[in-house]
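Here are some notes to read alongside the model. Please keep the sequence and the 3D view open while going through them.

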Amino acid sequence: MSLLEAQVHPESTALLVVDMQNDFCAEGGYLHRERGYNVGFAPALADRIQGLVDVARTAGMPVVWIRSVYDFKYLNEPYRVKRRDEGCCLEGTWGVEFFRLQPEPGEPIVTKHHYSAFFETDLHAQLQSLGVKTLVVTGVATNVCVDSTLREGFFRGYYIVVPEDCVNSNSKAGHEGALATVRNNIGIVCPSEDIIQILTAPR
């Protein structure tokens, strides 16, 4: 049995979908509009994540949706200074909505106001109530919110698995660096197909 097979079981694994939102992924969203970032990778990324979500649902594995809400009233002073006067993922706007993907009724949605999905949220409590031991982390950006979330998950005692084709960033160097850190120090990096094969294998 491989290490991946030993760690990924539907009854003790959760699939996290991090920040797949219009402001981060869509043309006309905040990163594209205000910073000129290339978000051309996002539609194909969403399709690959959807494939993994579909398999996870069929296998009975929890899918947990993480979204950012960055209204200034939620941000600390250093973060407000960094954001300047730019509005990203604001409540009630198109930008905060999910990009090409949608939770099903009953699937947890965790709203965060910082990069890590664990910081000042109930994510850990929800995962513990589900008996989760392993996190399969997908979404954007590999080197920012995905990285912050998987690191804190690791610190809290979860096994970490990152399907390398289900995370991405406008920064190639940041993306590759974050994956290298996971490989060397934190968990498993693998193609999503390896996870799909485990979840669809006869039991």
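This is a predicted model: local features need pLDDT of at least 70, side-chain atom pairs count only at pLDDT 80 or more; totals for chains, interfaces and linings use all residues.

1. Helix H4 covers residues 42–59, which is 18 residues. From its first C-alpha to its last it reaches 26 Å, close to the 26 Å expected at 1.5 Å a residue. After H4 comes Gly60, which has a positive phi, near 80 degrees.

2. Which residues of H4 are buried? They are Ala42, Leu45, Ala46, Ile49, Leu52, Val53, Val55 and Ala56. An α-helix has 3.6 residues a turn, so residues three or four places apart point the same way.

3. Helix H7 (residues 142–155) packs with helix H8 (residues 172–186) at an angle of about 15 degrees, and their axes are 9 Å apart. Angles under 35 degrees count as roughly parallel, so H7 is roughly parallel to H8. Their crossing is left-handed.

4. On the H7 side, the contact is made by Thr142, Asn143, Asp147, Leu150, Arg151 and Phe154. H8 contributes Gly174, His175, Ala178, Leu179, Thr181, Val182, Asn185 and Ile186. Sorted by type, the residues of this contact between H7 and H8 are six nonpolar, six polar and two charged.

5. Tyr159 belongs to strand E5, residues 159–163. Is Tyr159 buried or partly exposed? Its relative accessible area is 47%, so Tyr159 is partly exposed. Leaving aside residues up to four places away in sequence, Tyr159 touches Gln7, Lys133, Thr134 and Leu135. Between Tyr159 and Leu199 there are 17 Å in space, C-alpha to C-alpha, and the two are 40 residues apart in sequence.

Methods: Residues are numbered from 1 along each chain as its sequence is written. Side-chain values use heavy atoms; hydrogens and water are left out. Helices (H or I, at least four residues) and strands (E, at least two) are DSSP runs, numbered from the N terminus. The expected span of a helix is 1.5 Å times one less than its number of residues. Buried means under 20% relative accessible area, exposed over 50%, partly exposed in between (1.4 Å probe, protein chains only). Axes are lines fitted to C-alpha atoms, for helices over the stretch in contact, and angles run from 0 to 180 degrees between N-to-C directions. Angles under 35 degrees count as roughly parallel, over 145 as roughly antiparallel, 65 to 115 as roughly perpendicular and the rest as oblique. A crossing is left-handed if the near helix is turned anticlockwise from the far one by less than a right angle, and right-handed if clockwise. Contact means heavy atoms within 4.5 Å. Ala, Val, Leu, Ile, Met, Phe, Trp, Tyr, Cys and Pro count as nonpolar, Asp, Glu, Lys and Arg as charged, and the others, Gly among them, as polar.
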